[in-house]
Amino acid sequence: MQYKIYIIVILLCLPGTNIFAQTGALQKKTGSLFSDSMVKPRMRIIIDNDFGGDPDGLFELVQHLLSPSVEIRAIIGSHLRAGDGFDPSKETAAHAKMKIEEVLNIMNLDKTYNVLQGSNFALENDSTAQPSDAASAIIKEAMRDDTKLPLYVVCGAGLTDLASAYLLEPKIASRLTLIWIGGPEYPELATPPPGYTTLEYNLGIDLKAGQVIFNKSSIPVWQIPRNVYRQVMMPYSSLLLKVKTQGKIGEYLANNIERVMKMGIKYNFNVGEVYIVGDSPLVLLTALQSSFEPDPASSFYVLRPSPFINNQGIYEVNHKGRNIRVYTQLDVQLLFEDLYAKLALFNQSK
């Protein structure tokens, strides 16, 4: 390993070979900020998120769009829980798809990606799928045999579309990895926050879908539970200085957070001066994997048997559960430094 490091150091010292230098205009087709000769895709991802709800998903989407080491195969707009305060309609997946298209339009990436609408409704039980274009796309991508790039489904919301895909075609279980933002704390690993709800927000979007993935499937899971995604706190000062100043997309992201802050004030809820950008670990665990022996090397997890999720959304011991990764600590500094730098480079390229 040392000789590789020496070679890199020597190359960085040679004129004209600084691989971290800005490389010019944005690559229109991929949204890449770097020369294609420097960074190439190392994995495929399908992004699945409730973009019509909490704006943290928009941050994850933009950062992934600016990450050339991932090949984005589809972007899915998924539904919210019925009656959700962010969007109480019955068309929340359709509205999420519209938000994706809004972001792509601002970034001049229209018609570049496969944008899909997930089901507008949760599963009725743990045996019946909610068919959708999104579920079909997951199956189609997972069953490909013409690529060796690993496939990750990165989800910052409910699990309806992946659970439906599994119920329709169980063979996908061995052909992808789920990275999921969701689920409550594990009692032996963390203490719940003050005033917590037993049913964690993302699991509550579709409890039956969570039961399909955890209780019935053998899909590999990397889980970022509530106590861990709450670590990703962005100061309002940084939002103003490092995000809002970075062109139209930076202003768009900041305005969406400020909209929630203003809503909180209106209803006498003081958000304070940090915001939990809880879906962004999906970028950290994919695009920002280590160079050698690729893995999210600067974040920490434990291996534990997948729990059985009961009808109250509480974990029960499942001695037969396959091992899943449960993340306990995230490299938030790496995550935010990458976001701020990519926004700045993207703004400079315009």
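1. Start with Lys111. Lys111 is exposed, because its relative accessible area is 85% and exposed means over 50%. Keep in mind that the model is predicted. Lys111 sits in the loop between α3 and β3. Its phi is positive, about 60 degrees, although Lys111 is not a glycine.

2. Asn108 belongs to the loop between α3 (92-106) and β3. Is Asn108 buried or exposed? The relative accessible area of Asn108 is 54%, so Asn108 is exposed. The cut-off for exposed is over 50%. Phi of Asn108 is near 60 degrees, a positive value in a residue other than glycine.

3. Next, the sheet. Eight strands form an open sheet with mixed pairing. Read across, the order is β3-β2-β1-β4-β5-β6-β12-β9. Which strands are at the edges? They are β3 (115-117) and β9 (300-305), and each pairs on one side only. On average, neighbouring strands of this sheet are turned by 20 degrees against each other, direction ignored. As background, strands of a sheet pair through backbone hydrogen bonds, either parallel or antiparallel.

4. Strand β2 (residues 70-77) and β3 run parallel, and three bridges join them.

5. Helix α4 (residues 133-142) lies across β1 (43-49), β2, β3 and β4 (151-155). Helix α4 runs at about 130 degrees to β3. Helix α7 (residues 207-216) also packs on the sheet. It touches β5 (177-181), β6 (221-224) and β12 (323-329). The direction of α7 makes about 130 degrees with that of β6.

6. Now take β5. How many of its five residues are buried? Five of the five are, and the strand is mostly covered. Both faces are covered. Thr177, Ile179 and Ile181 are buried on one side, and Leu178 and Trp180 are buried on the other.

7. Follow the pairing of β5 with β4 and β6. With β4, the pairing is parallel over four bridges. Here Cys155 has Trp180 of β5 as its bridge partner. With β6, β5 again pairs in the parallel sense, over four bridges. There the bridge partner of Leu178 is Val221 in β6.

8. Trace the path from β4 to β5. Together with helix α5 (residues 160-168), these two strands make a right-handed β-α-β unit. Helix α5 holds Ser164. Why does Ser164 count as buried? Its relative accessibility is 0%, and buried means under 20%. What does Ser164 contact, leaving aside its neighbours within four places in sequence? The contacts are Leu123, Ala129, Gln130 and Ala135.

9. Last, the cavities. How many cavities of 30 Å³ or more does the structure hold? The count is three. The largest cavity has about 60 Å³ of space. Its lining has 13 residues, and the closest to its centre are Met234, Tyr236, Ile257, Val274 and Tyr275. Which elements give two or more residues to this lining? They are β7 (233-235), α9 (236-243), α10 (247-266) and β8 (274-276). In general, rolling a probe the size of a water molecule over the atoms shows where empty space is left.

Methods:
Residues numbered from 1 in each chain as written. Predicted model: local features only at pLDDT ≥ 70, side-chain atom pairs only at ≥ 80, totals over all residues. Heavy atoms only, no water. Pairing = 2+ DSSP bridges. Axes fitted to C-alpha atoms, helices over the stretch in contact; angles between N-to-C directions. Contact = heavy atoms within 4.5 Å. Buried < 20%, exposed > 50% of the residue type's maximum accessible area, 1.4 Å probe, protein only. Right-handed = clockwise from strand over helix to strand, strands pointing away. 1 Å grid on protein atoms, 1.4 Å probe; cavity = no way out; pocket = protein on both sides within 12 Å on 5 of 7 lines; lining within 4 Å. Points joined across faces, edges and corners; volume = space filled by probe spheres on them.
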